[in-house]
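Subject: The model, and what I found in it

Hi,

Here is the structure I promised to pass on.

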Amino acid sequence: MAMSACFLAAGSLSSSAAKPRIHLPSFQSPSPFQTLRLSSSSSPAFSFRHLTNRQRLLPLFVPSASLGGGDDGGINRFPPSGSGGGGGDEPSDGDNAGDKNRVEAMMVLAEAGRLLESLPKDLAVAIQDGRIPGAVVSRFLELEKSAVMRWLLQFGAFKERLLADDLFLAKIGIECGVGIFTKTAAEYEKRRENFFKELEIVFADVVMAICADFMLVFLPAPTVSLRPALAGTAGPVARFFYGCPDNAFQTALAGTSYSFVQRLGSVVRNGTKLFAVGTASSLIGTVVTNALINAKKAVDSTGEVENVPILSTSVGYGVYMAVSSNLRYQILAGVIEQRILEPLLHQHKLMLSAICFAVRTGNTYLGSLLWVDYARMIGIQKAQEEHNELA
C-alpha cells in the first residue's frame, strides 16, 4: 500500500508539472501594479501569439526592484544572461522604463478586454518595444469611441498628434476659425483709411493665412512617435532628424529623452517645412490677387493699384513662417499649452479649451501685425500714403 501511495503521489506531481502556472511578479507599489496571475484557464484578454517563444515570457516579467518594489522572495526572477544569477550587467534606466511602460500598457488592454492584435500595427509594435505608457493606450481606446476620431486614427500623422493631445482637433478649429477675423482686424488696424484702397493686398494676406493656419498647428504640434525604425541604409542626416521631436519643447515620454541638439534640430526641420508651406500658400494668394487686380483694371482703368510681386512676396512669406511663425507656434504648443496649461487644467477641459482659444487668438493677431511690418520692411508691400502708419 505504501508503494502504491508513492506511485500515486508521483503521478500527481507529474500531472501538476505538465500544466505549469505562470505568475507575473507581485509589485509592491499600489494600483495599477498589483499581482496579476495567468494560467492555461485564464481569460483570453492576453494573447501572446504575436510574440516569439522567448518574448512570450521575458518582456512582461519585470523584477519588482526595477519598478520601485521590494524583493519578492526570488519568485519569477530571471538571472542575468551569462551567469548563474550572481552577476551580469545591470539594466539601464531606459530598459526599466521600457519594461514598466510595457506592463502598464498590457494591463490597460487586459482591463479593456482588448487583444494586442486588435490595435494598429504601429501602436502594437510601440507597446511591445516598451515605448508607449499605459496612459497613451488609454487615450487611444477613448478616442476610438468616436466615429470621427476612429477615422482620423487611420492616418499616422493624425494618430501621433491625437495621442499626444486630445484637444488637437479643437486647436485646429480655433486657429482656422479665428484666423480670418483676427488677420482682417489686424490688416484694418495697420491700414485704417487705406483699408479698402488696399483691399486686394488684404485679400492676399487673408488667403495666405487660411492656407497656412492648418499647417501652423499641425507641424509644430507635440506627438507620440510611432514611426518605424529607419532602414540600415539611412544616412547620418536622416538618422539625426529621425531622433528629433516634432516640437522642440515637448515633454518626453518615460524611457525617452531628447538632447539640446535634437531639440534644436526640431526647429530647423519644422522651419524648412514651414518655409515650403509659406512660399506655396503665398504663391496661391498673390496669383489670385493679381488676377483680381487685372480684372478690376479692365473694368475701371483709373485704378492705381499695382500688381503684387509674386516671387519676392512668396519667398518673403516663406522666410517669415520659417522664423517668426515657427518659433511662436513651437513655444505656444510645447511650453504654454503642454507644459503650463495642460498640467494645471487637465481635469477641466472646458476651461482649458477656453484659455487655449484666448491664447491662440492673441498669437494669431500678433502674427498678423508682425507680418504687415515685416512685409513693409523688406519692401513687398508699400503703403499708398505715408500717413497711414500707426502713431
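Below are my notes, from the whole chain down to single residues.

First, the ground rules. This is a predicted model, so local features need pLDDT of at least 70 and side-chain atom pairs count only at pLDDT 80 or more, while totals for chains, interfaces and linings use all residues. Residues are numbered from 1 along each chain as its sequence is written, and side-chain values use heavy atoms, with hydrogens and water left out.

pLDDT is the predictor's confidence in each residue, from 0 to 100. The chain has a mean of 76, and 72% of its residues reach 70 or more. One is residues 1–90, for which the model has 87 contacts beyond four places in sequence; a contact here means heavy atoms within 4.5 Å. The other is residues 383–391, with 19 such contacts. Where pLDDT is low, the predicted coordinates should not be read in detail.

**The overall fold**

The secondary structure comes to 12 helices and 2 strands. These are DSSP runs numbered from the N terminus (H or I, at least four residues, for helices; E, at least two, for strands). Along the sequence the pattern reads α-β-β-α-α-α-α-α-α-α-α-α-α-α. Of the contacts with a separation of 6 or more, 70% are between residues 24 or more positions apart.

Buried residues make up 40% of the 391 in the chain. Buried means under 20% relative accessible area, exposed over 50%, and partly exposed in between (1.4 Å probe, protein chains only). The accessible surface comes to about 20,900 Å², and 64% of that belongs to carbon and sulfur atoms. Those areas come from the Shrake-Rupley method with a 1.4 Å probe; for residues, only the protein chains shown count as cover.

**The cores**

A nonpolar core is a set of buried Ala, Val, Leu, Ile, Met, Phe, Trp, Tyr and Cys residues joined through side-chain atoms within 4.5 Å. The largest one has 46 residues, and I127, I132 and W371 have the most contacts inside it. Beyond four places in sequence, W371 touches E187, D205, M208, G316, Y317, Y320, I380 and Q381. Apart from that core lies another, of 5 residues, including L167, L341, L352 and C356.

Helix α6 (residues 156–164) is largely enclosed by the rest of the structure, because 7 of its 9 residues are buried. Those are F158, K159, E160, R161, L162, L163 and A164. They pack against α3 (121–128), α4 (134–143), α5 (147–152), α7 (168–191) and α8 (199–218).

**Polar spots worth a look**

E175 lies in helix α7 and counts as buried, at 0% relative accessibility. Its side chain makes a polar contact of 2.8 Å with the side chain of T364. By polar contact I mean a pair of N or O atoms within 3.5 Å; within protein, one must be able to donate a hydrogen and the other to accept it, and residues adjacent in sequence count only if both atoms are side-chain atoms. Leaving out residues up to four places away, E175 touches D213, V217, Y329, R360 and T364.

R269 lies in helix α10 (residues 260–299) and is also buried, at 13%. The R269 side chain reaches the backbone oxygen of C244 at 3.2 Å. C244 itself is buried, with a relative accessible area of 1%. Beyond its neighbours within four places, G271 is in contact with A322 and N326.

What about disulfides: how many are there? Counting a pair of cysteine sulfur atoms within 2.5 Å as a disulfide, the total is 0. As for C176, this cysteine is partly exposed, at 31% relative accessibility.

L327 lies in helix α11 (residues 310–345) and is partly exposed at 42%. T256 lies in the loop between α9 (236–242) and α10, and is partly exposed at 34%. T256 and R131 are 125 residues apart in sequence and 7.7 Å apart in space, C-alpha to C-alpha.

Cheers
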